[in-house]
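Please keep the sequence and the coordinates open while reading.

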Amino acid sequence: MRSFEHVNAPDIKTAIALLREPATEAIAGGTDLLGELKARLRSPRRLVNLKTLSNLREIRYSPKAGLRLGALVTLAEIERHPIIRERFSILAQAAASAATPQLRNMGTLGGNLCQKPRCWYYRHRLFHCWLKGGDRCFAEDGENKYHAILGADRCHAVHPSDLAPALIALEATVRVVGPDLDGEISLAELYTKPTESHRRMTMLGPGELIIEVRVPPPKKNARGVYLKAMERGSWSFALVSVAVQMSLEGKRIADARIVLGGVSTIPWRAKGSESILIGQEFSMELAERAAEAAIAGAQPLRDNAYKVSLAKSLVKEAVGSLAS
Amino acid sequence: MPKVIKTKTEFEGRVLEEYVVVEGEGLSAWDAHVPLQFVGKKTTRVDGPERVTGKALYTFDVQLPGMLYGKILRSPHPHARIKSINTQRAEQLPGVRAVLSHQNTPKISFRRQTFLFDEVVRYVGDEVACVIADDEEIAQDALELIEVEYEILPFVLDPEEALQPWAPRLYPDGNLLGGQPELYQRGDIERGFAQADVIVERTFRTQCALHNCMEPHGSVALWEGDSLTVWDSTQHIFGVREGLARLLGLPLHRVRVIKKYMGGGFGSKNNLGKYTVIAALGAKMTGRPVKIVLDRHEENLATGNRPASVQHVKIGARRDGTLTALELKAIVTAGAYCLWPPSLGGPARELYACSNVKTEQYTVFTNTGPLSAFRAPGYVEGTFAVESLMDELAQELQMDPIELRLKNYTEIDQTTGRPYSTKGLREAYERGAKLFGWHEARTPPAALLSRRHAPKLRGVGMASQIWSGNGMPPAYALVKLNPDGTATVITGTQDIGTGTKTVLAQIAAEELGFPIEKIAIEIGDTQLGLYAPLSAGSMTVASVGPAVRVAAHEARQQLLDVAAQVLEVPRDSLTIADGLFRSPALQKPVAVHEVLKNLENFMIIGRGAREPNPEDVAVNTFGAQFAEVTVDVETGEVKVERIVAVHDSGRVINPLTLSSQIEGGIIQGLGYALYEQRVVDRNTGIVLNDNLENYKLPTALDIPEIVFEMIDRPDFRANNLGAKGVGEPPIIPTAAAIANAVANALGVRIYELPITREKILKALGKV
């Protein structure tokens with residue numbers, strides 16, 4: 001990597017001010033950024049270290065307000081936290097399925113939600129792809145077994161986060177602060193399909209940071225499951241993952257949220273599947289229909305049609321496992 | 001006077017005939033029933049503590065005063081002619097000491113087809129230039145300042161396409177190595193198929209696999225006057241010495257190559273690398289030592305691979321299972337350059353008794369990274385194809401797979417007509433089947449259909465292994481006895497991570513009758529050591545071990561001569577064990593050092609050489625592996641539940657280091673079967689997964705229960721240890737056994753590796 005200056009952020013306000021400067025990047029766990037620096041995809045002159053913002057490391061819970069997670073909480077802390085494991089188990093499962101123990105010890109919640117895609121064209125120095133400001137997506141007619149099957153447009157990379165689908169299924173919101181901003185938005189709204197003028201996977205602009213994630217208290221009789229299909233047993237991004245949070249009243253499905261990972265440039269909410277389930281009595285036939293709806297409109301590329309089948313299977317299995 | 005003879009040695013599927021000077025004869029292998037004190041005993045690594053505490057110096061750890069660092073500029077194009085290189089801006093960067101390219105270095109021929117710095121680049125990753133700078137980061141920065149103007153040439157990535165007349169050519173005489181296929185024939189293949197009642201025929205495909213040694217390739221070069229010392233991560237210090245001397249025009253005694261500790265090679269470090277020669281030239285140019293160590297990306301581009309293959313296999317058999325004909329046509333992707341093509345036809349030629357066999361191999365140049373040896377080159381690929389098709393044949397004949405294999409069992413090497421010195425394969429099948437519970441676990445194919453709706457399918461499969469592994473002369477060793485009763489073993493082999501030092505210490509301790517902690521092993525240095533062959537072909541122990549044993553034996557004889565005189569007892573009455581002389585004529589045991597201390601600095605030097613290989617028998621290693629898998633029919637996930645292996649590599653010297661080899665081989669074979677695959681972008685020739693994130697090696701969670709047993713019977717004809725190699729055998733049958741288990745689970749076969757979720761879902765009609 002090229003040399004850079006490393007500055008500790010004394011407080012959030014200063015961090016934001018520093019991050020507005022050109023050629024400046026934020027670093028927390030570094031598990032995503034360091035890869036880009038080593039590959040020389042980006043060469044910031046200055047890194048602003050957020051790990052010094054100790055007030056962003058807390059996990060707080062109250063039955064009324066729900067869960068509040070500072071952006072610097074690590075994946076390992078989420079994975080191990082007793083209350084998260086008990087009441088927001090889908091989130092603990094997602095954290096535990098990510099990366100490796102070493103990476104989970106370093107990687108932070110905020111960084112995980114804002115990570116860049118793992119697309120091998122995006123990550124390769126020799127490809128100046130559309131997402132990096134070039135004029136084409138090399139995956140479209142290239143090697144695309146890992147790429148998007150749903151809702152892709154100019155870029156076919158998938159959003160790699162495990163936490164994002166789980167948190168969106170839990171209806172999480174994020175507090176975003178920036179130079180002219182301090183507000184709360186739903187996590188689902190944070191993710192945007194990259195456009196010609198905004199070639200990023202989140203709506204965050206320069207100097208804008210997620211500082212906290214808030215998860216409302218679990219609904220009555222709510223249960224969740226996170227399933228992730230990988231190429232091997234560990235240390236793999238999802239080929240396809242699915243987060244399902246469901247509330248059951250007897251056999252009747254009172255509420256359901258289904259979010260898929262690894263299938264689109266953003267975490268993919270399967271609203272069609274949800275509406276098939278909500279208000280209905282559970283049956284495997286219903287789960288099957290919901291699974292079918294999850295992949296409606298899928299447009300696989302040459303090498304990733306298997307993901308359509310995989311997504312369907314995972315949704316069916318997840319819904320089935322929660323209802324039975 | 002030394003006797004010069006012509007001898008035949010099998011190395012990685014090819015028989016080499018060469019002259020050798022016969023020495024080292026006269027010591028026969030230890031009898032199978034003689035109890036041994038060190039050989040055959042679990043022995044922890046003699047260099048374990050320094051390895052695990054970070055004190056062992058690997059090539060990367062070598063730090064010399066004033067040392068500079070080199071970084072190589074690699075081609076971004078799969079095929080191009082360099083029109084010009086402008087290094088001026090790079091040279092002006094503070095901290096840059098030299099920039100090497102074809103413009104300012106001698107035209108040094110390399111790997112037959114190219115030059116150290118060629119004006120034509122033939123794959124993405126091919127060497128273009130090298131910056132030597134004060135540190136690696138400066139060198140890396142400078143690479144971006146080198147301006148290269150390329151004339152882009154048409155390229156070809158696929159070997160079948162490369163054989164077409166219209167394909168872009170890498171070389172004027174075409175893309176086929178040698179201009180014609182390598183052909184082997186015995187009997188009459190057409191007549192053999194005419195005699196068959198059943199013929200099975202399939203096309204198998206295997207992927208390109210990358211070595212990913214823990215320790216990267218690299219060198220540190222130091223000039224002292226006209227003498228060059230190179231610390232090199234190599235499997236053959238003497239080979240590197242010879243290569244450097246030849247390419248740089250140096251006499252051998254001015255070149256020293258050192259490799260003390262190593263983190264794996266798997267065949268990718270068999271030969272001299274460009275980085276080594278570049279480091280030597282860079283050090284000469286700057287007058288300072290130069291280190292060049294490749295990074296993980298370079299490792300996955302430019303240090304070799306197990307080449308992808310397409311294999312058409314056809315087997316004919318009589319109704320009773322007797323093979324009448326076996327034909328294999330392989331297309332192998334050489335990549336841009338090729339020194340030593342693997343032999344994919346080996347298993348087809350050797351595994352079974354069959355009088356009509358034809359193998360044909362097309363090794364094809366493409367604009368991709370060059371192949372190299374990779375743990376049992378050719379045999380892993382060839383065994384997958386042949387042993388998969390044998391299972392299809394068994395199914396066709398409604399025979400048990402083991403029964404079919406036993407039906408075609410041979411005690412005679414089919415290629416030379418010589419009997420095998422020993423062959424424990426029948427026993428390996430029997431013991432393996434029993435350990436595994438083969439007959440209970442196997443679901444007959446007929447019962448498979450009814451299970452198609454179960455969520456998880458279970459299947460079992462097995463496969464056989466044949467490989468060489470007897471090593472060869474020449475290999476030399478010295479054993480010095482020091483006045484304090486310690487011994488130093490000196491030879492010129494290298495321990496590539498397998499435990500060579502430990503095994504040699506066991507052999508020396510056994511022969512000398514010294515405690516193992518009194519033995520020091522000095523290897524990995526051409527200047528101080530004696531010639532030993534490359535650590536490849538599973539032949540290090542079988543080549544070097546016998547020489548060490550002869551040297552230790554000779555030292556022991558001298559020691560007994562001296563001790564008998566000093567102690568004034570009959571020589572024949574003396575024994576040595578635990579470092580003590582014992583004799584009925586002595587009142588109590590006398591320590592070796594007590595005798596030697598009377599002789600001041602008298603030194604005993606035993607000299608040993610590897611004896612020639614036998615000419616009348618074939619020496620091979622054998623084995624069988626069994627796999628059980630479960631397949632999730634919804635998600636296509638394959639899980640290997642367990643592997644059982646039984647191998648015959650002659651006498652076992654160290655069960656501990658051996659278990660590392662067996663388990664490591666199986667794990668590497670499992671990665672090859674299910675996960676590993678180099679991915680090259682079809683439109684640009686760029687390797688997309690030149691990293692450990694997307695080149696998927698198996699993790700701890702993917703490794704099943706591994707149970708293995710060794711036949712552990714000395715091969716008295718092999719060498720004076722009765723031991724044969726075990727580095728490569730365990731990787732050979734794993735992928736085939738897993739593929740057969742998957743086919744048994746699904747009732748449908750997958751003919752292409754790796755067996756991914758996508759292929760499973762496709763085979764099940766879900767994609």
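Helix 6 of chain B and helix 7 of chain B are oblique to each other, since angles under 35 degrees count as roughly parallel, over 145 as roughly antiparallel, 65 to 115 as roughly perpendicular and the rest as oblique. The model is predicted, so that local features need pLDDT of at least 70 and side-chain atom pairs count only at pLDDT 80 or more, while totals for chains, interfaces and linings use all residues. Residues are numbered from 1 along each chain as its sequence is written, and chains are lettered from A and ligands numbered from 1 in the order in which they are written.

**Helix 6 and helix 7 of chain B**

- The axes of helix 6 (residues 237-248) of chain B and helix 7 (residues 274-286) of chain B come within 11 Å and cross at roughly 55 degrees; axes are lines fitted to C-alpha atoms, for helices over the stretch in contact, and angles run from 0 to 180 degrees between N-to-C directions.
- Helices (H or I, at least four residues) and strands (E, at least two) are DSSP runs, numbered from the N terminus.
- Helix 6 of chain B passes helix 7 of chain B in a right-handed crossing (left-handed if the near helix is turned anticlockwise from the far one by less than a right angle, right-handed if clockwise).
- To this contact, helix 6 of chain B brings B:Val240, B:Leu244, B:Leu247 and B:Leu248, and helix 7 of chain B brings B:Thr276, B:Val277 and B:Ala280; two residues are in contact if their C-beta atoms, placed from the backbone, lie within 7 Å.
- The residues of the contact of helix 6 with helix 7 of chain B comprise six nonpolar, one polar and no charged, where Ala, Val, Leu, Ile, Met, Phe, Trp, Tyr, Cys and Pro count as nonpolar, Asp, Glu, Lys and Arg as charged, and the others, Gly among them, as polar.

**Other helix pairs in chain B**

- Helix 17 (residues 655-674) of chain B and helix 18 (residues 734-746) of chain B have axes that come within 8 Å and cross at roughly 50 degrees, and the two helices are therefore oblique to each other.
- The crossing of helix 17 and helix 18 of chain B is right-handed, and the contact includes B:Ile666, B:Gly669 and B:Leu670 from helix 17 of chain B and B:Ile738 and B:Ala739 from helix 18 of chain B.
- By class, the contact of helix 17 with helix 18 of chain B has eight nonpolar, two polar and no charged residues.
- Helix 14 (residues 500-512) of chain B packs against helix 15 (residues 540-567) of chain B at an angle of about 30 degrees, with the axes 8 Å apart, and these helices are therefore roughly parallel to each other.
- Helix 14 and helix 15 of chain B also make a right-handed crossing, with B:Glu511, B:Arg549 and B:Arg556 among the residues of the contact, which divide into ten nonpolar, four polar and three charged.

**Overall dimensions**

- Chain B has 19 helices and 30 strands; its radius of gyration is 27 Å, close to the 27 Å that the globule rule gives for 767 residues, so chain B is as compact as a globular protein of that length.
- The radius of gyration is taken over C-alpha atoms, and the globule rule is 2.2 Å times the number of residues to the power 0.38.
- The C-alpha trace of chain B spans about 85 × 70 × 45 Å along its principal axes.
- Chain A has twelve helices and twelve strands; its radius of gyration is 19 Å, close to the 20 Å from the globule rule for 324 residues, so chain A is as compact as a globular protein of that length.
- Taken along the principal axes, the C-alpha atoms of chain A fill a box of roughly 60 × 50 × 35 Å.

**Domains**

- Chain A is divided into domain 1 (59-114 + 167-215) and domain 2 (222-323), with bounds that come from an automatic or database domain assignment.
- The C-alpha centres of domain 1 and domain 2 of chain A are separated by 21 Å, and their contact takes 17 residues from domain 1 of chain A and 16 residues from domain 2 of chain A.
- On the side of domain 1 of chain A that touches domain 2 of chain A, helix 5 of chain A gives the most, with five residues.

**Interface between the chains**

- In the contact between the chains, 23 residues of chain A meet 24 residues of chain B, and helix 12 (residues 306-323) of chain A gives the most to the side of chain A that touches chain B, with six residues.
- That side of chain A divides into nine nonpolar, seven polar and seven charged residues.
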